[in-house]
Amino acid sequence: MLRTGGLCRIRTLSRAIHCAQLHTVQVERLADFEHVFDNTNQFAAVGNRAVLKVSGFDAREFLQGMQCNDMASANERGMLTGFLSPQGRIVADAFIYTLPESSYLIEVDSRVRERIQRMLGFYRLRARVEISDVTSECNVWQAWGPQSPQLSFGSVAHMADTRAPHMGVRVVGTNRPSALADFDEQPSTLYELRRILKGVAEGADDFVDASLPLECNLDYMQGVHFGKGCYVGQELTIRTHHRGVVRKRMVPVLFSPEDHACVPLRVSDEWAPELAQRDVVPSGARARRPGRIGSTAGNAGLALMRVEHVEQFAVQTDDKIHFEAECADGQRVHVSPWLPSWWPKQ
């Protein structure tokens with residue numbers, strides 16, 4: 001249940017965010033953060049993205065062997081996927097958009113653009129494909145809200161974002177699509193906050209080199225196909241899947257200067273601790289390894305943590321486990337994690 005006492009109401013706040021700060025969003029349960037921006041038709045530019053184009057007679061077959069999702073089972077517009085190292089570690093998450101005439105766009109974090117382009121070039125061999133960087137010609141937008149499934153973009157590259165419920169539609173084009181005329185434009189920071197509160201990992205801050213694709217929830221986000229043929233990094237991914245145990249996963253977290261075990265729970269841009277890539281340390285339990293914080297927005301973020309510890313945190317007892325992290329300036333903050341409600345039930 002959302003609380004509005006002394007605060008802007010969620011609907012009013014989300015519409016006004018383009019001309020004001022986020023201020024405070026308050027809920028009673030951590031999982032309620034997943035839905036606070038779902039009820040208004042909005043869109044935002046997605047920053048720090050790069051776009052590569054792969055075209056040619058062998059483009060489909062070539063990409064089938066380069067990434068961990070199945071080109072044959074993708075929807076007609078595109079799919080989420082991941083590029084892996086030969087050792088099965090994540091290189092980058094990516095969106096692949098289907099274009100006419102055996103052409104595809106690959107959208108990735110701009111910080112891994114050169115690495116993905118080198119990787120594609122290295123494995124091209126005699127494949128009849130052309131690989132080009134079209135970042136300067138492309139912009140990326142995300143639209144969400146009740147009317148987003150009905151949006152029509154014609155021939156503009158787009159796809160439904162299936163990473164989590166109500167994520168909306170992803171669009172790549174040169175100019176802002178006219179289909180978004182009736183949607184309220186928001187800053188890219190709101191997209192980042194909304195994504196983080198839903199527990200959706202994206203980009204180099206979340207998909208770090210040492211991670212496995214399943215630890216970043218790429219399987220839960222429909223970005224891995226376990227029945228397809230060979231691809232770079234397949235062996236470890238399939239072995240991890242068949243073992244059925246992924247001890248660490250990326251989860252949404254809330255940062256607070258004091259313990260927020262009781263309601264109300266708040267996310268705000270008034271206090272934004274510098275915590276990206278910092279360790280999360282549990283207290284009251286013997287941890288084999290600490291967690292690791294990924295992307296952040298305000299006092300919310302994503303962190304790679306042991307699932308059993310997050311489950312223990314959810315149990316409301318006096319001696320339950322607690323988590324801390326140390327900011328870049330040495331300040332220690334409390335970390336409150338939760339498991340997204342859209343995760344498959346084990």
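In the predicted model, the side chains of glutamate 326 and arginine 332 meet in a salt bridge, with 2.9 Å from N to O. A salt bridge is counted where a side-chain nitrogen of Lys or Arg lies within 4 Å of a carboxyl oxygen of Asp or Glu. Glutamate 326 is partly exposed, at a relative accessible area of 35%, and arginine 332 is also partly exposed, at 40%. Here buried means under 20% relative accessible area, exposed over 50%, and partly exposed in between (1.4 Å probe, protein chains only). Salt bridges that share partners join Arg49, Glu107, Asp161, Arg163, Arg170 and Glu202 into one network.

Because glutamate 107 lies in strand β6 (residues 103-109) and arginine 49 in strand β3 (residues 49-55), the pair ties together parts that are 58 residues apart in sequence. Both glutamate 107 and arginine 49 are buried. Another salt bridge links aspartate 32 to arginine 29, with the closest N and O atoms 2.8 Å apart. Aspartate 32 is buried, at 9% relative accessibility, whereas arginine 29 is partly exposed, at 48%. The search of the whole structure finds 21 salt bridges.

Helices (H or I, at least four residues) and strands (E, at least two) are DSSP runs, numbered from the N terminus. A barrel is closed by 6 strands in the order β12-β16-β15-β14-β17-β18, with antiparallel pairing. The twist averages 40° from one strand to the next. Two strands pair if DSSP finds at least two bridges between them. Strand β14 (residues 279-283) and strand β17 (residues 322-326) pair in the antiparallel sense over 4 bridges, and proline 282 stands opposite phenylalanine 323 in β17.

Helix α6 (residues 307-314) lies across β12, β14, β16, β17 and β18, and runs at about 115° to β16. Axes are lines fitted to C-alpha atoms, for helices over the stretch in contact (heavy atoms within 4.5 Å), and angles run from 0 to 180 degrees between N-to-C directions.

The structure holds 0 disulfides, a disulfide being a pair of cysteine sulfur atoms within 2.5 Å. Cysteine 138 is buried, at 18% relative accessible area, whereas cysteine 230 is exposed, at 68%.

Residues are numbered from 1 along each chain as its sequence is written. In this predicted model, local features need pLDDT of at least 70, side-chain atom pairs count only at pLDDT 80 or more, and totals for chains, interfaces and linings use all residues, while side-chain values use heavy atoms, with hydrogens and water left out.
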